[in-house]
Amino acid sequence: MSFKKTIEAQLKDAARVLTATAKLAPALDAAASELLRCYRNGGKILTFGNGGSSCDAQNFADELTGRYRRNRPPLPAIALTTNQGDLTSIGNDYGFEHVFDRPLRALGRPGDIAVAISTSGNSKNVLRAAQSARELGLIVIGLSGRSGGKLKDLCDHCIRVPSDSTARIQEAHIAVIQTWCGILEDELFPDAPLVHG
């Protein structure tokens, strides 16, 4: 039994969506400029999402507090998806739609950026936290799929990957996040040594 045709079809589809996402360069550039401005002004990034998007949020924060390609000082970033005590107590006491909202309200300050990740753009807990971020004076950057869902109306910048496939959307989100990490490192720490290309 061979899965060659399936593998080729999946990878070609992934490449097609990434190529289409590259056409969003003006929107990606505008969001990158906001992220850069945030750090130059002493702010931090708060990021959140569910499931695979939770992992993307954690990866974004990890690359910023650790490193992406350069040995440089850490950048302040918090994934609101990582504290099991918060997630379970808030979910139990207030409901799952509040699990990102309450930590964001506790930690977010004007000048910070909320990066809300939802492939559908309609996750209730992501929407509630994005709304709270706006109320607190944070810039909101959204990562979603083709329609943007309800999230697009709560964002200052919404990157809408041109696909309806959750897998393809998430793959593009990872590429976008890593592109932003590279831009931030290159701009903020141009003289820091490269660990890998």
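In the loop between H3 and E2, where Asn-71 is found, the side chain of Asn-71 makes a polar contact of 2.7 Å with the side chain of Arg-67. A polar contact is a pair of N or O atoms within 3.5 Å; within protein, one atom must be able to donate a hydrogen and the other to accept it, and residues adjacent in sequence count only if both atoms are side-chain atoms. The model is predicted, with local features requiring pLDDT of at least 70 and side-chain atom pairs counted only at pLDDT 80 or more, whereas totals for chains, interfaces and linings use all residues. Residues are numbered from 1 along each chain as its sequence is written, and side-chain values use heavy atoms, with hydrogens and water left out. Helices (H or I, at least four residues) and strands (E, at least two) are DSSP runs, numbered from the N terminus.

At 41% relative accessibility, Asn-71 counts as partly exposed; buried means under 20% relative accessible area, exposed over 50%, and partly exposed in between (1.4 Å probe, protein chains only). Not counting residues up to four places away in sequence, Asn-71 touches Ala-192, Pro-193 and Val-195, contact meaning heavy atoms within 4.5 Å. The C-alpha atoms of Asn-71 and Phe-189 are separated by 8.9 Å, although these residues lie 118 residues apart along the chain.

Arg-72 lies in the loop between helix H3 (52-65) and strand E2 (77-79). With a relative accessibility of 11%, Arg-72 counts as buried. The side chain of Arg-72 reaches the backbone oxygen of Leu-64 at 2.7 Å, and a polar contact of 2.8 Å joins it to the side chain of Glu-185. Apart from neighbours within four places in sequence, the residues in contact with Arg-72 include Glu-63, Gly-66, Phe-189 and Ala-192.

Two packed helices are described by the angle between their axes and the distance between the axes. Axes are lines fitted to C-alpha atoms, for helices over the stretch in contact, and angles run from 0 to 180 degrees between N-to-C directions. H3 and H7 pack at an angle of about 10°, with their axes 10 Å apart, and are therefore roughly parallel to each other. Angles under 35 degrees count as roughly parallel, over 145 as roughly antiparallel, 65 to 115 as roughly perpendicular and the rest as oblique. The residues of the contact of H3 with H7 divide into 7 nonpolar, 6 polar and 2 charged. In this classification, Ala, Val, Leu, Ile, Met, Phe, Trp, Tyr, Cys and Pro count as nonpolar, Asp, Glu, Lys and Arg as charged, and the others, Gly among them, as polar.

The axes of helix H2 (residues 25-40) and helix H7 (residues 166-188) come within 10 Å and cross at roughly 45°; H2 and H7 are therefore oblique to each other. Among the residues making the contact are Leu-28, Leu-35 and Tyr-39 of H2, together with Val-176, Trp-180 and Leu-184 of H7. By class, the contact of H2 with H7 has 11 nonpolar, no polar and 2 charged residues.

Val-176, placed in helix H7, counts as buried at 4% relative accessibility. Beyond residues up to four places away in sequence, Val-176 touches Thr-21, Leu-28 and Leu-143. In helix H6 (residues 124-136), Ser-132 likewise counts as buried, at 3% relative accessibility. Leaving aside neighbours within four places in sequence, Ser-132 is in contact with Asp-101, Leu-104 and Arg-105.
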